[in-house]
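Me: I'd like to go through the labels on this model and hear what each one rests on. Can you set the values against the cut-offs for me?

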Amino acid sequence: DRGPAVPVPLKSGRALVMDDEAPIRLLADAVLRRMGFSVTAVEDGAKALDAYAEALAQGKPFDVVVLDLTVAGAMGGAEAMEKIRALDPNVRAVVSSGYSSDPIMANYRAHGFRGRAPKPYTAQELSNVVSAVVRDGEA
C-alpha cells in the first residue's frame, strides 16, 4: 500500500513535462501544479526544446524539466536533453522511462539529468524526485 499522494508544496516555479502518452502528461501536470508549479506539457522532444528556448528568451526559464526517454517516431528525451543542455548547461532535468534497463536510466547523471522517475511512477514518487532536484540540485 503506497498510501495517499502528498505532493511536497513549493512556493512557485515553472515546470516543463514532455511525454508522448497523454495520461502521463495529465498525471505529471496535476502533481506539479499541486506542488505550486505552472506547467507546460508537450508530447515530443522538439516541442520541449522549443518551449525551453522560448522560456529562456523571455527570461523565465523552467525550474525543472521532466523528459520521457522514448517517444515513438519523434525526438525523445535523450536528444532533447542534449539540445537543451547546449542552450542551458544548468538545466535541472529528470529522465523518465518505462524501460528500466535503458543505459541512460542506469547512468542518468552522465547524460546531464539530475534525477530519474522510472515509469509507471506514482504521484508521490514524481513529487519526491522533482522536489529533490529543485531543492538540492539533484535527486
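Reply: Leaving out neighbours within four places in sequence, Arg-92 is in contact with Asp-63, Val-64, Val-65, Arg-114, Val-133, Val-134, Arg-135 and Gly-137, where contact means heavy atoms within 4.5 Å. This is a predicted model, so local features need pLDDT of at least 70 and side-chain atom pairs count only at pLDDT 80 or more, while totals for chains, interfaces and linings use all residues. Residues are numbered from 1 along each chain as its sequence is written, and side-chain values use heavy atoms, with hydrogens and water left out.

Me: Why is Arg-92 called partly exposed?

Reply: Buried means under 20% relative accessible area, exposed means over 50%, and partly exposed is in between (1.4 Å probe, protein chains only). Arg-92 comes out at 28%, so partly exposed it is. You'll find Arg-92 in the loop between α3 and β4 (93-97); helices here are DSSP runs of H or I with at least four residues, strands are E runs of at least two, and both are numbered from the N terminus.

Me: What makes the pair of Tyr-52 and Phe-62 tilted?

Reply: Rings of Phe, Tyr and Trp (its six-membered ring) pair if their centres lie within 6.5 Å; planes under 30 degrees apart count as stacked, over 60 as edge-to-face, and the rest as tilted. Searching the whole structure turns up one aromatic pair. Its ring centres, on Tyr-52 and Phe-62, are 6.0 Å apart and the planes are at 35°, so the pair is tilted. Tyr-52 lies in helix α2 and Phe-62 in the loop between α2 and β3 (64-68), so the pair ties together parts 10 residues apart in sequence.

Me: How do you know whether Tyr-52 and Phe-62 are buried or exposed?

Reply: Tyr-52 has a relative accessible area of 1%, so that's buried. Phe-62 is at 8%, so that's buried too.

Me: Why are α2 and α3 called roughly parallel?

Reply: Angles under 35 degrees count as roughly parallel, over 145 as roughly antiparallel, 65 to 115 as roughly perpendicular, and the rest as oblique. Helix α2 (residues 45-57) and helix α3 (residues 77-87) pack at about 15°, with axes 9 Å apart, so they are roughly parallel. In this contact, Gly-45, Ala-48, Leu-49, Tyr-52, Ala-53 and Leu-56 in α2 meet Ala-80, Lys-83, Ile-84 and Leu-87 in α3.

Me: What makes α1 oblique to α5?

Reply: The axes of helix α1 (residues 22-34) and helix α5 (residues 123-136) come within 10 Å and cross at roughly 55°. That makes α1 oblique to α5. Leu-27, Ala-28, Val-31, Leu-32 and Arg-34 in α1 meet Ala-123, Leu-126, Ser-127 and Val-130 in α5.

Me: How do you know the peptide bond from Lys-119 to Pro-120 is cis?

Reply: Its omega is near 0°. Pro-120 is in the loop between β5 (115-118) and α5.

Methods: Axes are lines fitted to C-alpha atoms, for helices over the stretch in contact, and angles run from 0 to 180 degrees between N-to-C directions.
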